[in-house]
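Hello,

Here is the structure you asked about. Please open it first, then read the notes below.

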Amino acid sequence: MGCCDAPGLMPIEEALDKMLSPIKPIQTTLSLPLAEALGYVLAEDVLSPIFVPPFDNSAMDGYALRLTDLEQTRELPLAGKSFAGQPFSGEWPAQTTIRIMTGAKIPEGCDAVVMQENTLVTDAGIQITQEHIQQNNNIRPTGDDIKQGDIVLNQGARLTPRDIPMIASLGISHVSVVRKPKVAFFSTGDELKTLGEPLAEGQIYDSNRYGIKPLIEAFGCEAIDLGIIPDCPETLKLTFGKAQSLADVVVTSGGVSVGEADYTKDILEELGQIGFWKLAIKPGKPFAFGELDNAWFCGLPGNPVSAILTMYVLVQPMLAKLAGHSAWTAPESIPAVTKSAFKKGPGRTDYQRGIYTIEEGKFVVETTGNQSSGAFRSMSLANCFVVIEKDRGSVEVGETVQIQLFNSTLY
Ligand code: AMP
Ligand code: MG
């Protein structure tokens, strides 16, 4: 057993279960203009009030026909036109054709549209050069896409740029959505410096907040940045108090290890309740979860890879549940053959950072190199996690491992 393999670490599945089971989805809903609803979770199903398209229309620029007319002649005089938004109205004499544009209403009695490219303009009118024309050729029927009353999106779906235009096609101007969870976050550490200022001896830049904020937002939540807090119990307590008055969830980075300046866990024990601390995950072992009086608490380890990784693996599912995003699913595992070795000791589930490619239709994966939890370039270079099972040891070239492709929040 290596130096870091402590017995009694909680397995990830158990931790996730402990985090998710007490969470009740937010019930507050609001009605938002469709254009502002991107990224929100639907509070109710969206039903179509209309048929889409609302009328039979042409899929092509061409000519509207009655197929029986073609039994006598292939040359038809023009009787009028049907343009998008300007339907043909009036009598349609036998053995004539109507000029029709894409999206224009199909005239009464028309049973096919021939595309312009299959016709010739002659002195007498329009000559139809296409041999066989099938009934309903190039006609998009009413309700072809969506029927009136269809459920087009379910409650619990999170609105994407693909959903918004579809809802717009139904004429729906406002949607009922769940209020976004508010997540207050801060970095802890006397060594942390704000960007733009020179580093004094022993200092490093606070990079974690720059990863935590976009992830909170990508998870569909509102981010409240409380800055850098020094390793000072009084200031930390005050900040926890402020954070929980502002937010549904408080996320901190740093201060959850066993060092002498790691106060976060102790303060949580004082102000609330620790749910668990220390997981069988690498990196990210000191991750802590608990409950304050008015908010949930997630304590991310300070090491940059650990912070972002536990945010993604552990906090993401919890925020999805809180947001009512019931359609959220955990990233799937895909088998991949290793192109490089992966060093590992048994005892914890490793989330190593890898680069996958597809070779001859099969996933292959190699390491991003230095897998230290402080070496963030391993995350920056990666496009997937290589999830190596808890009890497995090092992996050689050519073995099969499970990879998880980054979802759109990390992409
Ligand atoms: P801690 O969890 O506070 O013991 O920190 C573990 C390691 O992560 C130490 O090397 C810290 O300096 C580093 N660290 C903590 N917070 C941050 C941060 N916000 N940005 C970058 N590195 C950090
Ligand atoms: Mg610290």
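**Cysteines**

Cys232 is partly exposed, because its relative accessibility is 24% and buried means under 20%. Keep in mind that this is a predicted model. Cys110 has 11% relative accessibility, so Cys110 counts as buried. How many disulfides are there? The count comes to zero. A disulfide would need a pair of cysteine sulfur atoms within 2.5 Å.

Next, find strands S5, S10 and S9. These three strands form an open sheet. Their order is S5-S10-S9, and the pairing is antiparallel. Which strands stand at the edges? They are S5 (75–76) and S9 (119–121). Each has a single partner strand, so one side of each is left without a neighbour in the sheet.

Now zoom in on S5 and S10. Strand S10 covers residues 126–128. S5 and S10 pair in the antiparallel sense, over two bridges. Look for Glu75 there: Gln127 in S10 stands opposite Glu75. As background, strands of a sheet pair through backbone hydrogen bonds, either parallel or antiparallel.

Where is Tyr210 placed? Tyr210 is in helix H3, which runs over residues 208–218. Is Tyr210 buried, partly exposed or exposed? Tyr210 counts as partly exposed, because its relative accessibility is 46%.

Best wishes

Terms used:
Residues are numbered from 1 along each chain as its sequence is written. Chains are lettered from A and ligands numbered from 1 in the order in which they are written. This is a predicted model: local features need pLDDT of at least 70, side-chain atom pairs count only at pLDDT 80 or more; totals for chains, interfaces and linings use all residues. Side-chain values use heavy atoms; hydrogens and water are left out. Helices (H or I, at least four residues) and strands (E, at least two) are DSSP runs, numbered from the N terminus. Buried means under 20% relative accessible area, exposed over 50%, partly exposed in between (1.4 Å probe, protein chains only). Two strands pair if DSSP finds at least two bridges between them.
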